[in-house]
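User: I have a model open and would like to talk through it. Could we start with the overall fold and then turn to the contacts between chains?

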Amino acid sequence: MSNTNESNFYQEYEVFSKKSTKSPVQHQFSLLAPNEEMALSMAVENFMRREDVLDVWVVKRSDVRRMTSEERAQWTKRLDNKDYRKTKGYGYLRQKWKEKEQGMLDEKEILSWKEVKK
Amino acid sequence: MTVNSAEEANQDVAYSKALKELIYQLADDDFLISFRGSEWLGLAPHIEEDVAFSSITQNTMGHAFMFYQLLEDLGEGEIDLLAHERHPDVRRNGIYLEKRNGEGNYLEEPYYDWALTVVRHFLYETFKKVKLEAITKSSYKPLANIAGKVLMEQPYHLAHWRIWMNQLLNSTEEARDRIEARLNEAWEEFGDVLEFGFQATEMEHFDLIIGEEELKERWMDEVAKTIPNLPSEPLGKKFGSGREGQHTEDLDQALATLSEVYLSDKEAIW
Amino acid sequence: MYNYIEYGSSEISNDNIDDQEKYEQFMARIEVGEKIEPDDWMPEDYRQGLIKLISMHGISEIMGALPEKEWTPKAPTMKRKLGIMAKVQDEMGHGQLLLRVAEDLMQPYGKDRGDIMEDLLSGDLKFHNVFHMPTKTWADAGMVGWLVDGAAIISQTNMLDASYGPYQRALQRICQEEVFHAQHGEAIIMALAEGTDYQREILQESLNRWWPSLLMFFGPASADTTGSSKQNIMIKYKIRKSSNEELRQAFLDKYLPRVFSLGLTVPDETVHYDEAQEQWIYQQPDWNEFKQIIKNKGPRSKERLRLREIAYENNRWVRQALAKDQVMT
């Protein structure tokens, strides 16, 4: 019998997956595996048995620098004074354009410009 | 030569005989190995593997289902009858695939051997890949289509068992010894899996599949990619040929288990 | 699928809340529905209560795979074989999710999955009472899928808003899969209920046998019944919302009308819905037996633990082999 300690078998891996070409990679869950090859081989069937999957990442948990509890509490709060970064800060333009009988080039409009006339 | 439907196939007695023989092999192989897989459920070396292994088992039983469906279409009887009621003499799975998972049984003292499981699945999935690849060019189109479909999800199976094989061969001495012992054993028993049985000549003649020898070579080449030091002896078939209806007590045990409820009330719809 | 309701014997107390301020912040967070993450500060009795609850829940899934697994290779058709395999696989998968959550909570104590398995085998970690019972016929596979899972769905959905983030997220996944389980169980039962005399017979016999276990599923109504109950702390900390008895009533509400609609009966002539009290009246199961069962003295406790033990010990060489620092790939 080998004397190797079994607990090395239980390494923690975080599992991420991508559902479609248009979707971002998303965290799924974590699993225990002895190495990344095994982790990858088990990931899909453990967490995505009933959904489409195009790509899977496994990352050793110890390689992820995540926020600590304090950092989450302290670094993720923002003052609500940043309208200038958002369209919300420019909403008055709708009325202006309306006066000039023009439509507002809002998100819906701009993202619809996939095609232009040939 | 192309045959597009069951009706067409059945017009030529010699053709349909060879065709059915081939499909029975495919169906029974997948059914028996997935039955052995179902006995493992809940008992794998760790939980994540249990879940992954079960998906492979389910996929494989799903493949058996599709092959039995082809037989049903050819007039052989309905799927569950084919799976549950056929006598061992007409079962066509390779004998190595009916082999018990180890000592004991799944209900009591299941001293199942993971080394056997890894070796068996690795050898079998490699075999299945080369056999199905050859069948994608089969003259019987419904079968060629199913082979193509099965090959879509089967690469994951092979990759999974290849990882296990690789890792256990390259870790502790104990693991290597266990794998090598099971490999040597497989070498004595796997021979008939690679055979086509009574209709071998006809299968090739009717372009249902490539010849036995060629398949065997392809299989050996594939296996050697993962296992550099293969046993040097020629492949044996210690217990005879499952392709010719010879089987062991292990098949009796498997059939008694898998058909226990089915046979408890044959009038019933379950 | 199977949540174990707390009825341990030792009370955990917050002896030294050295930081009253942290405690108050913690309570304020869970009051407004914030989720607690593994590395957040938490009261010791919260952590310990969760470890007990979730490791028991997780290991019950793993042990719960075994009774149905007895019928998996025997399932009567190929479709049933596939369905029950997928179902039992999910139980293992739920065990995986839950044990991961428990393992992260146990990390400060230097414990891992190996310890959970050892604790199960030594009897320190209990598993749910229903999984100590035998399965005798195929109808039991249906009964476990339908009513035992049904009871589990009631108790698990009750915790979908649990204050502990990882548990809440695991339960979300689990409950989504339970929808499949419920229908899988119903399908088996429906075929039997509409089937031959033999099929109806094994179905009724199975229900008769499972009835006391189903009542016991939710645990005793109060601490008086078995000596202790920790349901209150789980409610206080917003892990679950309802009491054992409320959950049992919800189960009877949802499932008894369905049981009767299939022409089945339960082995308790007193069962009825009392309009005035707005609750189901039923005969109490034998809570002394229950106490024996959860001490691993149930009809199949030893055998099921033995299976788990063999699987664990017999595969040790595999885990040792792959635990080596460098495995060539």
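User: What radius of gyration does chain B have, and what would a compact globule with 270 residues have?
Analyst: This is a predicted model. Chain B has a radius of gyration of 18 Å, which agrees with the value near 18 Å for a compact globule with 270 residues. Along the principal axes, the C-alpha atoms of chain B fill a box of roughly 60 × 45 × 30 Å.

User: How many helices and strands does chain B have?
Analyst: Chain B has twelve helices and two strands. Along the sequence, the pattern reads α-α-α-α-α-β-β-α-α-α-α-α-α-α.

User: And what percentage of chain B counts as buried?
Analyst: Of its 270 residues, 53% count as buried.

User: Changing topic: at what angle do helix H1 of chain A and helix H3 of chain B pack?
Analyst: Helix H1 (residues 36-47) of chain A packs against helix H3 (residues 47-73) of chain B at about 75°, and the axes are 8 Å apart. Angles of 65 to 115 degrees count as roughly perpendicular, so H1(A) is roughly perpendicular to H3(B).

User: Which residues meet there?
Analyst: From H1(A), A:Ser41, A:Met42, A:Glu45 and A:Asn46 meet B:Glu48, B:Glu49, B:Val51, B:Ala52 and B:Ser55 of H3(B). By class, this contact has three nonpolar, three polar and three charged residues.

User: How many residues of chain C are in contact with chain A?
Analyst: 20 residues of chain C are in contact with 18 residues of chain A. On the chain C side, helix H3 (78-106), helix H4 (113-122) and helix H13 (316-322) each supply at least two residues. That side has ten charged, five polar and five nonpolar residues.

Key: Residues are numbered from 1 along each chain as its sequence is written. Chains are lettered from A and ligands numbered from 1 in the order in which they are written. This is a predicted model: local features need pLDDT of at least 70, side-chain atom pairs count only at pLDDT 80 or more; totals for chains, interfaces and linings use all residues. Helices (H or I, at least four residues) and strands (E, at least two) are DSSP runs, numbered from the N terminus. The radius of gyration is taken over C-alpha atoms; the globule rule is 2.2 Å times the number of residues to the power 0.38. A residue is buried if 20 or more other C-beta atoms lie within 10 Å of its own, exposed if 12 or fewer, and partly exposed in between; C-beta atoms are placed from the backbone. Two residues are in contact if their C-beta atoms, placed from the backbone, lie within 7 Å. Ala, Val, Leu, Ile, Met, Phe, Trp, Tyr, Cys and Pro count as nonpolar, Asp, Glu, Lys and Arg as charged, and the others, Gly among them, as polar. Axes are lines fitted to C-alpha atoms, for helices over the stretch in contact, and angles run from 0 to 180 degrees between N-to-C directions. Angles under 35 degrees count as roughly parallel, over 145 as roughly antiparallel, 65 to 115 as roughly perpendicular and the rest as oblique.
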